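Here is a short briefing to read beside the sequence and the structure. It takes each chain in turn, then the contact between them.

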Amino acid sequence: MGGFLNSTIARKVAMALSGLFLVLFLAQHFTINFLSVFSKDLFNEVSHFMGTNFFVQALLQPVLIFGVIFHFVMGFILEAKNRGARNIKYVKFNGNANSSWMSRNMIYTGLVVLAFLGLHFYDFWFPEMIHKYIESHPEDVARYYDELVAKFQSPVRTILYVVSFVFLALHLYHGFSSSFQSMGWRNKYAKGLRGFTQAYAIIIPLGFIFIALFHYINNL
Amino acid sequence: MKLNLKIWRQENATAKGKIVDYPVDGIDGDMSFLEMLDILNEQLVEKGEDTIQFDHDCREGICGSCSLQINGEPHGPDKLIATCQLHMRSFKDGDTIYIEPFRAKAFPVIKDLIVDRTAFDRIQQAWGYVSVNTSGNTVDANTIPVEKEKADESFNAATCIGCGACVAACKNASAMLFTSAKVSQYALLPQGRVEATERVKAMVRQMDEEGFGNCSNTGACEIECPKGISLENIARMNREYLAASTKG
């Protein structure tokens, strides 16, 4: 990684931009998933559109996957440098006196979210790719809702999803607002923006938790 | 007041250090933290033992010499003060106090609690100044009008004493608060704008070369800074750097 991305500031800006892109994607993902709570047909229709639209599949999907990979690879690169910057640890370090737990543990909350993405891809993305592009099944507009509900019949999987969303909230709570500081965006609107980002960090993961629990309880 | 001190002892830069227990008695609440260490050192001299080495100079919170990580916080538990301004009344009889050097790869330990902070000097030398022709035709800086708000912000940034508490507090040992304060104090003034592009690039490059970590925006540096240098300076430096990068 040469040139511009060699500097610590540029790397943080790149991290912030990829994070903001993923935050936008999360809002879109949540909106579509939330449809499943009140309209099976609408959820199927929108999912079918997303799963078959050329622009979404050929352009947005690769960009999204690149964004995810870039975000966690850059996260590891930054973390490695940070760990190397203090080669001898303090015997006593009182981090709680001056910073939040979330801000100090982004790598761990991020790792949980990354592990969750592995499970999520195993549950939905890989089967979807196999269904469409390897086994080449004929398109069935009505299948998406049933596939979603089937996954949340397992209590273990539902718990794993709920716990992962809690960690996602912890990650977003610091990361979303921090991304604006990394890009140098700090002005008279910063306080309001921080409130918005923190509300987003709580509401969106809570919404995902609601959807998972709704389908689990609905099918008991 | 009776205290149990746990102090980092290290013979030299290459030796392996360790925490050593020092019980100390007769400490008055009105003493400064450094006076308490002076008393301990006098007791060590009387016993014929090697004294504890620590940095200090003005002892009034101006020079930035004193450091010390006290109970896991740079300059101790009180805010907006340097270690020399910390009083023993902030502790209770029977307390255990951990005293360690500021930790960062870029701040290697010289002996005991003294660390080498010349990395900050090199960042400053990279372009932490304005180039002024001193041939005799120098224009008086006061003839250039400066907005009061900008002048105040610049002055606030310039109050950084370069003690290194920001690096010590940061979980990543990042020097962004120090560097951004030095960048900001010039970037906010017309006299500093002339070399602003070159300055921010040179100072950030030097900061990276010294091996400091990245900024995670935890805000620990701002909380622990004895001069209350704001995170606003880091945002400003990020803006300055991004703008400078587009200029090649």
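## Briefing

Of the 248 residues in chain B, 45% are buried. The model is predicted. Its scores are ipTM 0.94 and pTM 0.95. For chain A, with 220 residues, the buried share is 25%.

**Confidence**

- Chain B has a mean pLDDT of 96.
- In chain B, 100% of the residues reach a pLDDT of 70 or more.
- Where pLDDT is low, predicted coordinates should not be read in detail.

**Chain B: overall build**

- Chain B contains 9 helices and 7 strands.
- The C-alpha trace of chain B spans about 60 × 40 × 35 Å along its principal axes.
- Take the contacts in chain B between residues at least 6 apart in sequence: 71% of them join residues at least 24 apart.

**Chain B: the sheet**

- Five strands of chain B form an open sheet in the order S2-S1-S5-S3-S4.
- The pairing in this sheet is mixed.
- Which strands lie at the edges? They are S2 (18-24) and S4 (73-74) of chain B, and each pairs on one side only.
- Strand S1 (residues 3-9) of chain B runs parallel to S5(B), and 4 bridges join the two.
- Within that pairing, Leu5(B) has Ile97(B) in S5(B) as its bridge partner.
- Strand S3 (residues 69-70) of chain B pairs with S5(B) in the antiparallel sense, over 2 bridges.
- Here Ile70(B) stands opposite Ile99(B) in S5(B).
- Why is S5(B) described as largely enclosed by the rest of the structure? The reason is that 4 of its 5 residues are buried.

**Chain B: an exposed valine**

- Val45(B) sits in helix H1 (residues 33-46) of chain B.
- Is Val45(B) buried or exposed? Val45(B) counts as exposed, because it has 11 C-beta neighbours inside 10 Å, and the cut-off for exposed is 12 or fewer.
- Asp55(B) is 10 residues from Val45(B) in sequence.
- In space, the C-alpha atoms of Val45(B) and Asp55(B) are 18 Å apart.

**Chain A: overall build**

- Chain A has 8 helices and 0 strands.
- Read from the N terminus, its elements run α-α-α-α-α-α-α-α.
- The C-alpha trace of chain A spans about 55 × 40 × 40 Å along its principal axes.
- Contacts in chain A with a separation of 6 or more are 84% between residues 24 or more positions apart.

**Chain A: H1 against H2**

- Helix H1 (residues 8-38) and helix H2 (residues 40-52) of chain A have axes that come within 8 Å.
- These axes cross at roughly 150°.
- H1(A) and H2(A) are therefore roughly antiparallel to each other, as angles over 145 degrees count that way.
- From H1(A), the residues Ile32(A), Leu35(A) and Ser36(A) take part in the contact.
- They meet Leu42(A), Phe43(A), Val46(A), Ser47(A) and Met50(A) in H2(A).
- By class, this contact of H1(A) with H2(A) has 6 nonpolar and 2 polar residues, with no charged ones.

**Chain A: H7 against H8**

- Helix H7 (residues 155-182) and helix H8 (residues 190-218) of chain A also have axes that come within 8 Å.
- The crossing angle is roughly 170°.
- That angle makes H7(A) roughly antiparallel to H8(A).
- The residues of the contact of H7(A) with H8(A) divide into 21 nonpolar, 4 polar and 1 charged.

**Where chain A meets chain B**

- How many residues of chain B are in contact with chain A? The number is 37, and they touch 34 residues of chain A.
- Four elements of chain B each supply at least two residues of the side that touches chain A: strand S5 (96-100), helix H7 (196-209), helix H8 (220-224) and helix H9 (232-245).
- H9(B) gives the most to this side of chain B, with 8 residues.
- By class, the side of chain B that touches chain A has 14 nonpolar, 13 polar and 10 charged residues.

Conventions: Residues numbered from 1 in each chain as written. Chains lettered and ligands numbered in written order. Predicted model: local features only at pLDDT ≥ 70, side-chain atom pairs only at ≥ 80, totals over all residues. Contact = placed C-beta atoms within 7 Å. Nonpolar A, V, L, I, M, F, W, Y, C, P; charged D, E, K, R; others polar. Axes fitted to C-alpha atoms, helices over the stretch in contact; angles between N-to-C directions. Parallel < 35°, antiparallel > 145°, perpendicular 65-115°, else oblique. Pairing = 2+ DSSP bridges. Buried ≥ 20, exposed ≤ 12 C-beta atoms within 10 Å, placed from the backbone. pLDDT = per-residue confidence, 0-100.
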